[in-house]
Amino acid sequence: RDMSSLTNPCSTCASKAIGVFKCQGCEGVFCRKHASEHRDQLNQQLETLFHEHNQLQQIVSEDDQRVNHPLMMDIRR
């Protein structure tokens with residue numbers, strides 16, 4: 001843990017609470033309550049990213065199957 005975060009206020013509740021966690025990604029400093037909320041937000045963003053990745057991968061796979069369909073092969077000849 002970055003010890004300098006212990007002297008900084010929480011990025012979310014400003015001067016109300018002292019930060020105990022510094023996010024390496026956004027460099028925000030969070031109190032215990034908001035550190036958990038920030039972690040939950042990041043987890044949700046990651047789940048959304050995985051879902052979008054899987055959808056895109058499926059679309060690309062379906063396009064590849066269409067391009068290699070025997071009728072498409074005949075058309076290209």
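1. A residue is taken as buried when its relative accessible area is under 20%. In this predicted model, C10 has a relative accessibility of 2% and therefore counts as buried.

2. With a disulfide requiring two cysteine sulfur atoms within 2.5 Å, the count for the structure comes to zero. C10 is accordingly in no disulfide, the nearest cysteine sulfur being that of C13, 3.6 Å away. C26 is likewise in no disulfide; for this residue the nearest cysteine sulfur belongs to C23, at 3.7 Å. C26 is partly exposed, as its relative accessible area is 45%.

3. H34 belongs to helix 1. Its relative accessible area of 11% falls under the 20% limit, so H34 is classed as buried. Apart from neighbours within four places in sequence, H34 is in contact with C10, T12 and C13. Two of these names, C10 and C13, are also those of the cysteines whose sulfur atoms lie 3.6 Å apart.

4. H38 is also found in helix 1, which covers residues 32-67. A relative accessible area of 12% places H38 in the buried class. When residues up to four places away in sequence are not counted, H38 touches C23, C26 and F30.

5. Regarding aromatic rings, a search of the whole structure returns zero aromatic pairs. A charge does sit over a ring, however: the charged end of R39 lies over the ring of F21, 5.8 Å from the ring centre.

Terms used: Residues are numbered from 1 along each chain as its sequence is written. This is a predicted model: local features need pLDDT of at least 70, side-chain atom pairs count only at pLDDT 80 or more; totals for chains, interfaces and linings use all residues. Side-chain values use heavy atoms; hydrogens and water are left out. Helices (H or I, at least four residues) and strands (E, at least two) are DSSP runs, numbered from the N terminus. Buried means under 20% relative accessible area, exposed over 50%, partly exposed in between (1.4 Å probe, protein chains only). Contact means heavy atoms within 4.5 Å. Rings of Phe, Tyr and Trp (its six-membered ring) pair if their centres lie within 6.5 Å; planes under 30 degrees apart count as stacked, over 60 as edge-to-face and the rest as tilted. A charge sits over a ring if NZ of Lys or CZ of Arg is within 6 Å of the ring centre and within 35 degrees of the ring normal.
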